Amino acid sequence: MSVQQVAFRGFANPVDPTPAELRAWAYHPDMVRLHAMPPDWDLLVSSDRLVGTLLDLALDVNCPARRFALHCLYIYAADAIRTRFRAHPKRRLRKLVEQAEDDGDDVLETWAHNTRMLIAMPDLFDYRDWCEGGLVRTPRRLKRPTPVTLAKAGE
């Protein structure tokens, strides 16, 4: 899948970018480096308004900011689940997961799997993995804890 690329002309408000601005930046991320963005910019853009754009970017294997978009999807999912869907609607997250499973490659299928696992077992949440990019840097499918793991956790 390829998202139409538009020349990046900057952000009118980097704290609240439009979907078009985010999409344009994603294809020219060197124009404004992540370290130059406001603090916790990844948390700011992981919103209901931009999550569809983030999924489109993550689905595009040619998008230079694909890993960033995937990272934001992990933040979005964790935020939805950890707040018991007060932060983001369960229906929207379910649709994103289904689209990732239907249209995505292994990377997006892993995100969908991990999201389903976190829904089933919220205790699998680890801040570093879900919010600091751990599952993007070291991709893996989360597994149900074994009884031995659970026993060690209770020691």
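**Helix packing and aromatic pairs in a predicted model**

Student: In which hand of crossing does H1 pass H3?
Tutor: Good place to start, and keep in mind that this is a predicted model. Helix H1 covers residues 19–26, and its axis lies 9 Å from that of H3. As H1 passes H3, the crossing is right-handed.

Student: How are H1 and H3 oriented to each other, roughly parallel or roughly antiparallel?
Tutor: The packing angle of H1 and H3 is about 20°. Angles under 35 degrees count as roughly parallel. H1 and H3 are therefore roughly parallel.

Student: Which residues in H3 are met by H1, and how does the contact divide by class?
Tutor: On the H1 side, the contact uses Pro 19, Leu 22, Arg 23 and Ala 26, and on the H3 side, Thr 53, Leu 54, Asp 56 and Leu 57. By class, the contact of H1 with H3 comes to 5 nonpolar, 1 polar and 2 charged residues.

Student: At what angle do H3 and H5 pack, and what does that make H3 relative to H5?
Tutor: H3 spans residues 51–59 and H5 spans residues 90–103, with axes 11 Å apart and an angle of about 15°. With that angle, H3 is therefore roughly parallel to H5.

Student: Which residues make the contact of H3 and H5, and how many of them are charged?
Tutor: H3 and H5 cross in a right-handed way. H3 brings Val 51, Leu 55, Asp 56 and Leu 59, while H5 brings Arg 92, Leu 96, Gln 99, Ala 100 and Asp 103. Counted by class, the contact of H3 with H5 has 5 nonpolar residues, 1 polar, and, to answer your last point, 3 charged.

Student: Why do H4 and H6 count as roughly parallel?
Tutor: H4 packs with helix H6, residues 106–120, with axes 10 Å apart and an angle of about 15°. The cut-off for this class is under 35 degrees. H4 and H6 are therefore roughly parallel to each other.

Student: What is the make-up by class of the contact of H4 with H6?
Tutor: H4 passes H6 in a right-handed crossing. The H4 side consists of Arg 66, Leu 70, Leu 73, Tyr 74, Ala 77, Ala 78 and Ile 81, and these meet Val 107, Leu 108, Thr 110, Trp 111, Asn 114, Thr 115, Leu 118 and Ile 119 in H6. By class, the contact of H4 with H6 has 11 nonpolar, 3 polar and 1 charged residues.

Student: Let's turn to the aromatic rings. What kind of pair do Trp 25 and Trp 41 form?
Tutor: Searching the whole structure gives 5 aromatic pairs. For Trp 25 and Trp 41, the ring centres are 5.2 Å apart and the planes stand at 80°, so the pair is edge-to-face.

Student: What kind of pair does Trp 25 form with Phe 68?
Tutor: The ring centres of Trp 25 and Phe 68 are 5.4 Å apart. Their planes are at 80°, so this pair is edge-to-face.

Student: At what relative accessible area is Phe 68 buried?
Tutor: Buried means under 20% relative accessible area. Trp 25 counts as buried at 2%. Phe 68 is buried too, with a value of 13%.

Student: Where is Arg 84, and is it buried or exposed?
Tutor: Arg 84 has a positive phi of about 55° although it is not a glycine. Its place is in the loop between H4 and H5. With a relative accessible area of 68%, Arg 84 is exposed.

Student: What is the accessibility class of Phe 85?
Tutor: Phe 85 is in the loop between H4 and H5, and its phi is positive, near 70°. At 22% relative accessibility, Phe 85 counts as partly exposed.

Student: Finally, how many helices does the protein chain have?
Tutor: Of the 155 residues in the protein chain, 43% are buried. Its secondary structure comes to 0 strands and 9 helices.

Terms used: Residues numbered from 1 in each chain as written. Predicted model: local features only at pLDDT ≥ 70, side-chain atom pairs only at ≥ 80, totals over all residues. Heavy atoms only, no water. Axes fitted to C-alpha atoms, helices over the stretch in contact; angles between N-to-C directions. Helix = DSSP H or I, 4+ residues; strand = E, 2+ residues; numbered from the N terminus. Parallel < 35°, antiparallel > 145°, perpendicular 65-115°, else oblique. Left-handed = near helix turned anticlockwise from the far one by under 90°. Contact = heavy atoms within 4.5 Å. Nonpolar A, V, L, I, M, F, W, Y, C, P; charged D, E, K, R; others polar. Phe/Tyr/Trp six-rings, centres within 6.5 Å; stacked < 30°, edge-to-face > 60°. Buried < 20%, exposed > 50% of the residue type's maximum accessible area, 1.4 Å probe, protein only.
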